[in-house]
Amino acid sequence: MCGIIGYTGYSEARGILLKGLKTLEYRGYDSAGVAVYHPDFNETLVTKCEGRVEKLEEKCGSVKGVTGIGHTRWATHGGVSDNNSHPHKFGRVTLVHNGIVENYAAIKNQLGIASKLKSQTDSEVVAALIDAYYEGNPSEAIVKAVQEITGTFGLAIMFDDIPDKIYAVRNVSPIVCCQNEDGAYIASDIIAIGEYSEDYFVLPEFSVAEISGEGFTICDFEGNKIEPDMLTLDWDIKNSGKKGYPFFMEKEIMEQPEVIEKTISSRIKDDMPDFSAENVDDSIFTDCDNITVIACGTAMHAGLIGKHLIEKVCHVPVTVNMASEYMYNDPIINDKTLVICVSQSGETIDTLEALKYARRRGARSLSIVNVKGSTIARESENVIYTNAGPEIAVASTKAYTTQVAVFYLITAKMAQLRGNLNDYSVQNFVSELKKIPSAVEDILNRRNDIHLLANGLLTAEHTFMIGRGLDYPSLLEASLKLKEISYIHSEAFASGELKHGTIALITSQTPVIALMTQDALMSKQVSNIREVQSRGAEVVTFIKESLQSKDVDCSFALPNLSDDFMAIPAVVAMQLLAYYVSSDKGLDVDKPRNLAKVVTVE
């Protein structure tokens, strides 16, 4: 869970590397560093430190050179310290690393280098291993070294005696590459280098790239040249800035009407769902007897919404699995199982490994991801991209709502193909779906009302969220947002479960957030609200406008949509609530402690 950047060409590398690291900081921000070949000293000089990129920038001073690599770190091996920061240099080799080397201790003992290491990291051991094999042929040394490694890795490597080149190799951990007339660029995420060229490629696994100012030479481990598959960036990379907002998260919340509309409209033809542009095979929707959704965190909550919709409309059983536990629970899976993997980055390692496992067991697969060319996209039989654009804040907002929008489309398509709905009913379903962007816009226009509600949560240590039916999975996501960016302990509960133990925790010091958007469950939810109020809890209510009544006060009125289409508007309101609590507490909303955006280690 780290960010890698590299450049070699005809401009000073320092500025390019630091700019890229600032863009990549959401992938890791415990520490940062750069290594640049300095022509005056005839060696690669490393500057690194614990802390954010701004601190590194102060230390870099006037570092000179046109070839360099950089890194932002989220600690896995070894604590947060200057020494454990990347890049790591051992002998003639300097490198940055994303991933986990599982057998680093055995390699360290094999080389007998324990007393020579300056850090506690597995990455420095890899530098030592490459140096041990290096006899003047970089590619040969790299191949020999990585063939001994067990684990995942994305490596950018420099050699002291080859001052104008970078070498790269990877297994699972992503490396993307592009070039222009000014030189060649590599990164762990296209967002760091997309401004230099809209044409890029993902470095093939288990191949070595030799990178110079003129471009890339890529060979497999046998030395055969490889021509990579070129991709075209379909994001407006200029849209990755804050655009005047204090935090990326607020900007990304405000973008949701546009990106939801884009995600929906690009898959509707003649008021019917249409995945033909992505060549999604209809048979995956008709030939399955059951569906397994595999995801982590926020993406898993999107899967829970998908489960509700598909089971209700299509009558196909759906299980939602935590990707990190999936392979270890002996899942029931066969060629009649459709596995749907959900991941914003398309690089989530737990989800990727679960996908590979399911495919080996014969399951068909469909992935919902946001990043073209990502590993999960390439490993999956079918892919639907969410069109959310770059999401920088660690706490996901627009990626989540576009994932849910895709599940609505999948539900409509499956119902059409399987005959659960006739064409007229499918068109009605799509018509309701198309109302969501304007409903979200309405909430955003009234965000100051939610800001006022956030004041009541600023001093809370704990809060509970209660809802029924479709509201419950929406609250699981809302609770996660509040926890991860405000550090308030929050738990979401299906309202009827309160009396089975949880209500013992309710006091006058415990704010309760209640969501009510489901017509058929209104009276029961009112009773549950009364239960917590009778224990002295202050209740903040988010209620669909048509369900307001004198029986319960409404703190914020949600726009009217059919019950099954309230999941996105409800969550957007909760995203705003969490955002304002965090920002009003003076926290770093975009970079919550201990978290990184892209989880590439198990």
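## Strands S1 and S4

Strand S1, which covers residues 3-9, and strand S4, which covers residues 67-73, pair in the antiparallel sense over six bridges; two strands count as paired if DSSP finds at least two bridges between them. Within this pairing, the bridge partner of Ile4 is His71 in S4. Helices (H or I, at least four residues) and strands (E, at least two) are DSSP runs, numbered from the N terminus.

The model is a predicted one, in which local features need pLDDT of at least 70 and side-chain atom pairs count only at pLDDT 80 or more, while totals for chains, interfaces and linings use all residues. Residues are numbered from 1 along each chain as its sequence is written, and side-chain values use heavy atoms, with hydrogens and water left out.

## The open sheet and its helices

S1 and S4 belong to an open sheet of eight strands, whose order is S3-S2-S4-S1-S10-S9-S11-S14 and whose pairing is antiparallel. Strand S3 (43-50) and strand S14 (230-232) stand at the edges with a single partner strand each, so one side of each has no neighbour in the sheet. From one strand to the next, the twist averages 20 degrees.

Helix H1, made of residues 13-24, lies across S1, strand S2 (31-38), S4 and strand S10 (183-187), and it runs at about 160 degrees to S1. Axes here are lines fitted to C-alpha atoms, for helices over the stretch in contact, and angles run from 0 to 180 degrees between N-to-C directions. Helix H2 (residues 53-60) also packs on the sheet, where it touches S2, S3 and S4, and its direction makes about 140 degrees with that of S3.

## Strand S12 and its partners

Five of the six residues of strand S12 (residues 207-212) are buried, and the strand is thus mostly covered; buried means under 20% relative accessible area, exposed over 50%, and partly exposed in between, with a 1.4 Å probe and protein chains only. On one pairing, strand S8 (residues 162-171) joins S12 in the antiparallel sense over three bridges, and Tyr167 has Glu210 in S12 as its bridge partner. S12 also pairs with strand S13 (residues 215-220), again in the antiparallel sense and over six bridges, with Ala209 opposite Ile218 in S13. S12 and S13 form a hairpin with two residues between them.

Lys165 is found in S8 and is partly exposed, with a relative accessible area of 23%. Leaving aside its neighbours within four places in sequence, Lys165 is in contact (heavy atoms within 4.5 Å) with Thr8, Thr67, Ile157, Met158, Glu210, Ile211 and Ser212.

The axes of helix H15 (residues 436-445) and helix H19 (residues 567-584) come within 9 Å and cross at roughly 25 degrees. That makes H15 roughly parallel to H19, since angles under 35 degrees count as roughly parallel, over 145 as roughly antiparallel, 65 to 115 as roughly perpendicular and the rest as oblique. Ile436, Ala439, Val440, Ile443 and Leu444 in H15 meet Ile568, Pro569, Val572, Ala573 and Leu576 in H19. By class, this contact of H15 with H19 has 10 nonpolar, no polar and no charged residues; Ala, Val, Leu, Ile, Met, Phe, Trp, Tyr, Cys and Pro count as nonpolar, Asp, Glu, Lys and Arg as charged, and the others, Gly among them, as polar.

In helix H7 (residues 256-265), the buried residues are Gln256, Pro257, Val259, Ile260, Thr263 and Ile264. The buried residues of H7 pack against H15 and H19, and also against helix H6 (248-254), strand S15 (268-269), helix H13 (398-418) and helix H14 (423-433).
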